[in-house]
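Work through the exercises below with the model open. Try each task before reading its solution.

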Amino acid sequence: MKQTTHPPDPRPVLDRNGAAPAAPPPARPAPRRRPTSQQWAAWAFLAPVTLYLVLFYAYPLYRNLDLSLRHYTVRSFVQGDAPFTGLANYRTVFDDPTFGPALTHTVLFTAVCLAFQYAIGLALAVFFHQNFRLSGTLRALFLVPWLLPLIVSASTWSWMLNSDSGVVNAALSVVGVDPVNWLTSPSWSLTSVIIANIWIGVPFNLVVLYSGLQSIPGSLYEAAALDGAGAWRRFWHITFPLLRPVSAITLLLGLVYTLKVFDIIWIMTKGGPADSSTTFATWSYRLGFGNLLPAFGPGAAVGNLLVVAALVFGLVYLRVQRKQYAS
């Protein structure tokens, strides 16, 4: 049997009183919400920060990028009519014989300083975490190198490592070791600035890592001690894993700071002798301001290489942190 379909009834559906229902009123557009006082206050608080970032970060980065892409002389730097040269300044930097040694010194300086600063800072943080008598006073004394101006610290190390009148060579002579030309020998100049920078950076690692240790519950150590775990096992299985987030940010900040260290090296050795302690930071300054005929473009190009290196490590850190939070 075939089923027949009936067309829909075109007559309107009546209500109980027999009247057709009224058509719904047309939808009115939603009124525009005006910013509330809280939103205006939020914008007011954001405005100074945004202005600060634009003036002191975004604009200098733009100017440095523009310097590296043009052929600037003293005249064109003042008048602003430097011709566009593209990546010619970067090719000049890569072809320069100083590029290889400067890259090697930058990597060595950064890696060695980070390793020793973190290791010594972590050892001191664990030591002061015992809360023994006078621990607060000694911890405050360890902050002195961090609080001193860099020019004072560098000048002090220059005096201590002086080949003729330095206290380091005087102490070595007492134990029968010949004097070392710390600042004037190509074999020792990089080591000298590394030692000085490690001494300056240890307090920062100590403070940050000590604050991280304060957040670890003491009950974990008590439970591990009851299970028979020794000091080394407690450190390796409790302290070190729980300090990983704090260690990551400490190493990242230390990396960014160490990459751009200029004051210590310039005051102690000026990158010499014979470029034996030249890094990208000192090379960039010397290209831009250390000659009678400054090379603004190549100097800015070297500076941009440091910016890119710091940016890459920052992105790697953010990616690692995102994976840790996702897992």
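The exercises cover helix packing, pockets and one loop.

The model is predicted, so local features need pLDDT of at least 70 and side-chain atom pairs count only at pLDDT 80 or more, while totals for chains, interfaces and linings use all residues. Residues are numbered from 1 along each chain as its sequence is written, and side-chain values use heavy atoms, with hydrogens and water left out.

**Exercise 1. Describe how helix H4 packs on helix H9.**

Solution. Two packed helices are described by the angle between their axes and the distance between the axes. Locate H4 at residues 99–128 and H9 at residues 189–214. (Helices are DSSP runs of H or I, at least four residues, numbered from the N terminus.) Their axes come within 6 Å and cross at roughly 40 degrees. (Axes are lines fitted to C-alpha atoms over the stretch in contact, and angles run from 0 to 180 degrees between N-to-C directions.) That angle makes H4 oblique to H9. (Under 35 degrees is roughly parallel, over 145 roughly antiparallel, 65 to 115 roughly perpendicular, and the rest oblique.) Next, the hand: the crossing of H4 and H9 is right-handed. (Right-handed means that the near helix is turned clockwise from the far one by less than a right angle; anticlockwise is left-handed.) Finally, sort the contact residues of H4 with H9: 21 are nonpolar, six polar and none charged. (Ala, Val, Leu, Ile, Met, Phe, Trp, Tyr, Cys and Pro count as nonpolar, Asp, Glu, Lys and Arg as charged, and the others, Gly among them, as polar.)

**Exercise 2. Which helix gives the largest share of the lining of the largest pocket?**

Solution. Start with the volume, about 660 Å³. (A pocket is an open set of points on a 1 Å grid over the protein atoms alone, where a 1.4 Å probe fits, with protein on both sides within 12 Å along at least five of seven lines; lining residues have an atom within 4 Å of a point.) The lining has 20 residues, and Lys 260, Ser 284, Gly 303, Leu 306 and Val 307 lie nearest the centre. H1 (37–68), H12 (244–259), H14 (280–289) and H15 (296–326) each give two or more residues. H15 gives the largest share, eight residues. The lining has 14 nonpolar, five polar and one charged residues.

**Exercise 3. Characterise the second largest pocket.**

Solution. Its space is about 270 Å³. The lining includes Leu 122, His 129, Leu 213, Tyr 221 and Arg 234.

**Exercise 4. Where is the cis peptide bond?**

Solution. The cis bond joins Gly 272 and Pro 273, with omega about -5 degrees. Pro 273 is in the loop between H13 (263–268) and H14. Lys 270 is also found between H13 and H14; its phi is near 55 degrees, positive in a residue other than glycine. Asp 275 has a positive phi near 60 degrees and is found in the loop between H13 and H14.

Technical notes: Points joined across faces, edges and corners; volume = space filled by probe spheres on them.
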